[in-house]
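Reader: Hi! I have a model open and would like to walk through a few local features with you. Could you help me read it?

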Amino acid sequence: MIKLMVFKTIFKLGIKNIIFLTTYKTFKYFRIYFILMPIKECSIPIFKVKNYKKFNINNTWFDKSREKYIEKTNDLEKGIFCWFNQYKFLTTSPPNWFLDPYENKSYVSLNRHWSIIDGKNVNDLKNIWELSRWDWATTIARSWRITGEKKYIDTLNYFIKDWCIQNPVNHGFNWVCGQETSIRLINTLLTWRIINFTNNDSTFLENFIIQHLKRINNTIIYAESQDNNHWISEASALFIGGIWLEKYSSMKKQGACFAKKGRENLEKSINKLIMNDGTFSQFSTNYHRLVIDTLSQVELWRKWLKSPAFSNKFYF
């Protein structure tokens, strides 16, 4: 009876998923990731502004939106950060990147190579990850675009530099999860897009992008084995980061490889996880929203960078 249940479970999970998951766990257990993905300094992307053009949008909602972004950025400068878009906490500026504000506890002492971190003593990893998704970067970038005040670019660079120093590549909680790395990558590119809307300077950013893409690429088999939003998020980051490198960097061949892998995984994941009526395989409405937001980014970047469309199955 037990053997039958095991076989049924394996069948439902899928042989391929079991192989991918086993491979990932084996690589962690025998410290293969530890060897193949050494800890390195994180490249620090410093945004430089030669000129600016303020937004010129004359409609009723923009005044309130402008005030909101400036208020949020001023809060950041005071050390007031928002977790999950609703809970504000007074910390430091820049913040402790390993803080769980709900416990008022820092987990920096537990930082190791991402593959050997023991997260069992952490109440909720998402509380630590939230600020390292870099949502604050797009907020600060918007405030600069609205006002043209250089102090906002200085704040942005100050936070970025501190984050990169405190979070060497492959070291610590903020490199544990491929999806979290993907969200940070996409927010970084959105920040670049907002600030460099009329200036295509990108050389300062390409090494940071490569470091993130390599981290995502090396464990995407785990994301695929989960058959959930992680797979879509990581495939999206590979695709977006890849086509960005193809367009703006000297690492065009690497970019093409990442973009191809991202495109292939997006085609597979969307075909498998989204039904014909548009509903997502996970029941959570939050995950539905996440997938819609993520795929919107995929299409925006694809059109911005003039990359070929996906197959008809991807859209219909």
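Reader: Which residues make the nonpolar surface patch?

Author: Phe34, Ile35 and Leu36 make it, and the patch covers about 320 Å². Like charges are joined within 9 Å, and nonpolar side chains (Val, Leu, Ile, Met, Phe, Trp, Tyr) within 5 Å. Areas come from the Shrake-Rupley method with a 1.4 Å probe, and for residues only the protein chains shown count as cover.

Reader: Is Ile35 buried or exposed?

Author: Ile35 is exposed, at a relative accessible area of 63%; exposed means over 50%, buried under 20%, and partly exposed in between. Ile35 sits in helix H3, residues 32-36. Helices (H or I, at least four residues) and strands (E, at least two) are DSSP runs numbered from the N terminus.

Reader: Thanks! Before we go on, what should I know about the model?

Author: This is a predicted model, where local features need pLDDT of at least 70 and side-chain atom pairs pLDDT 80 or more, while totals for chains, interfaces and linings use all residues. Residues are numbered from 1 along each chain as its sequence is written, and side-chain values use heavy atoms, leaving out hydrogens and water.

Reader: Switching to Glu180, what is it in contact with?

Author: Trp129 and Arg133, leaving aside neighbours within four places in sequence; contact means heavy atoms within 4.5 Å. Glu180 belongs to helix H8 (residues 178-195) and counts as buried, with 5% relative accessibility.

Reader: Which residues does the cis peptide bond join?

Author: Ser93 and Pro94, with omega about 0°. Pro94 is in the loop between strand S2 (87-90) and strand S3 (99-100).

Reader: And what is the phi of Asn85?

Author: Positive, about 65°, although Asn85 is not a glycine. Asn85 is in the loop between strand S1 (80-83) and S2, and is exposed at 64% relative accessible area.

Reader: Which residues of H13 are buried?

Author: Among them are Val291, Leu295 and Trp301. The cover over the buried residues of H13 includes H8 and helix H11 (229-248).

Reader: What comes just after H13?

Author: Lys306 has a positive phi of about 55° there.

How values were computed
Patch = residues over 30% accessible without salt bridge, like charges linked within 9 Å, V, L, I, M, F, W, Y side chains within 5 Å. Salt bridge = Lys/Arg side-chain N within 4 Å of Asp/Glu carboxyl O. Buried < 20%, exposed > 50% of the residue type's maximum accessible area, 1.4 Å probe, protein only.
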